[in-house]
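Trainee: Please take me through the charged side chains of this model.

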Amino acid sequence: MSMWEYANPKLFMGWTRPVLPWTFGLAAACLVIGLVWGFFFTPDDFRQGSTVKIIYLHVPSALMAINAWIMMLVASIIWVVRRHHVSALAARAAAPVGLVMTLIALFTGGIWGQPMWGTYWAWDPRLTSFLILFLFYLGYIALWEAIEDPDTAADLTSVLCMVGSIFAILSRYAVLFWNQGLHQGATLSLDKEENISDVFWFPLLVCIAGFVLLFIALVLMRTRTEIRARRIRALEARARRA
Amino acid sequence: MIALLLRDLRLAVRAGGGFGLGLAFFLIVVVLVPFGVGPETELLSRIAPGILWVASLLAALLSLDRIFALDFEDGSLALLATSPLPLEGAAFMKALAHWITTGLPLTIAAPMLGFLLSLAPEAYFYLLVSLLIGTPALSMIGTFGAALTVGLRRGGLLLSLLVLPLYVPTLIFGAEAVRRGADGLDPTGALVLLGGITAGTFALLPFATAATLRINLR
């Protein structure tokens with residue numbers, strides 16, 4: 001049995017039913033442990049004070065905002081190449097989740113930026129790229145909503161996702177050319193000398209795991225909803241013909 | 001392919017509206033800006049490169065939904081798809097025709113409107129060059145967006161929502177080239193990158209456009 005057979009809608013509904021509560025439970029456990037640990041059991045940063053603690057929401061949501069788009073891209077390519085309907089529906093299901101993650105990252109960043117940089121918003125390359133990513137999500141979702149025929153919608157949004165990814169990467173580097181940044185560099189990389197301290201690092205890891213699990217759980221749930229909605233539509237069409 | 005290009009050009013000129021409308025829109029936007037921000041020459045000359053680029057981008061956006069909509073309605077797009085000419089070639093020519101009817105007049109008109117915004121004298125040359133290099137990319141990206149929304153009845157607003165984020169890199173490099181020219185810096189880097197975007201879009205997007213047209217004609 002190949003892995004592709006798990007993408008059969010019936011099998012997908014079968015294996016996601018028992019998996020879903022576990023994913024939600026694990027996500028909730030990770031988030032509760034990570035956030036409580038991060039908020040109450042880590043020291044304040046010697047320069048940033050307690051504002052550093054927003055990192056436990058900001059970094060995981062920003063990570064997931066980008067990863068959600070990558071997941072949509074992979075799902076779109078699978079749809080175009082192998083035409084698995086579940087794949088197209090998963091891409092559709094992931095888009096609003098990614099949109100909300102982008103919003104969370106932008107808002108928490110603004111809340112942190114006010115005391116630290118003295119401004120909620122600056123036209124910094126990273127902030128700007130995230131705003132552009134937000135616009136890409138909006139366009140993608142709007143295109144899904146606008147087209148009636150589900151297969152045409154899946155095809156067109158897949159093409160948009162692929163072309164959009166290229167332009168998103170292009171914009172990411174174009175804004176570097178356009179303005180120098182305020183945002184600090186990466187401090188979570190595994191190979192650099194100067195990194196975040198372990199005290200903050202471990203609760204942050206738990207939070208990231210929680211966000212990843214939450215994302216998976218939400219996408220699975222929304223994909224199940226999409227499959228059910230499509231079944232209802234098929235039943236209605238059959239009833240109208242009879 | 002040449003015949004298709006000439007047909008589109010003739011249609012644009014004779015049908016009226018589309019050809020001059022973009023130019024008039026460009027003029028109005030540029031005229032409105034001083035009312036909005038105040039008439040100080042210094043301020044205007046500082047923001048002129050950006051305003052001119054944003055205005056030409058919006059003017060190009062205005063005529064996008066005409067690229068395929070009429071051909072789609074009267075069925076000539078279906079004929080094009082079944083003709084021996086590859087649909088990719090047709091998409092390329094459509095973008096080129098759109099550029100000749102909107103991008104090129106905008107490029108020629110932009111320096112004159114630069115006077116209204118008291119653009120720095122050194123920047124005129126770079127404004128002309130950057131628009132000449134950059135507006136074809138706007139037309140090609142817009143053609144792709146028009147192909148995506150051709151089957152929709154009210155696709156105009158959606159078209160802008162889809163196309164505007166894709167315009168970001170072109171706008172950044174184009175306006176940056178003019179700004180560097182105005183400040184007496186070397187704009188070659190920005191111009192080269194702008195040319196790269198135009199070349200890349202014309203090399204790749206006809207395939208994406210043709211693919212979306214085939215999906216929409218199914």
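**Salt bridges and burial**

Mentor: Glu226(A) counts as buried, at 15% relative accessibility; buried means under 20% relative accessible area, exposed over 50% and partly exposed in between (1.4 Å probe, protein chains only). This is a predicted model, in which local features need pLDDT of at least 70, side-chain atom pairs count only at pLDDT 80 or more, and totals for chains, interfaces and linings use all residues. Residues are numbered from 1 along each chain as its sequence is written, and side-chain values use heavy atoms, with hydrogens and water left out.

Trainee: Which side chain meets Glu226(A) in a salt bridge?

Mentor: A salt bridge is a side-chain nitrogen of Lys or Arg within 4 Å of a carboxyl oxygen of Asp or Glu. Glu226(A) lies in helix 6 of chain A and its partner in helix 3 of chain A, so the pair ties together parts 134 residues apart in sequence. At 3.7 Å, N to O, the partner is Arg92(A).

Trainee: Is Glu145(A), which meets Arg92(A) in a salt bridge, buried or exposed?

Mentor: The side chains of Arg92(A) and Glu145(A) meet at 3.4 Å, N to O. Glu145(A) sits in helix 4 (residues 125-146) of chain A. Because its relative accessible area is 56%, Glu145(A) is exposed.

Trainee: How far apart are the closest N and O atoms of Lys94(B) and Asp71(B)?

Mentor: Lys94(B) is buried, with a relative accessible area of 4%, and Asp71(B) is buried at 5%. The two form a salt bridge, and the distance between their closest N and O atoms is 2.4 Å.

Methods
Chains lettered and ligands numbered in written order. Helix = DSSP H or I, 4+ residues; strand = E, 2+ residues; numbered from the N terminus.
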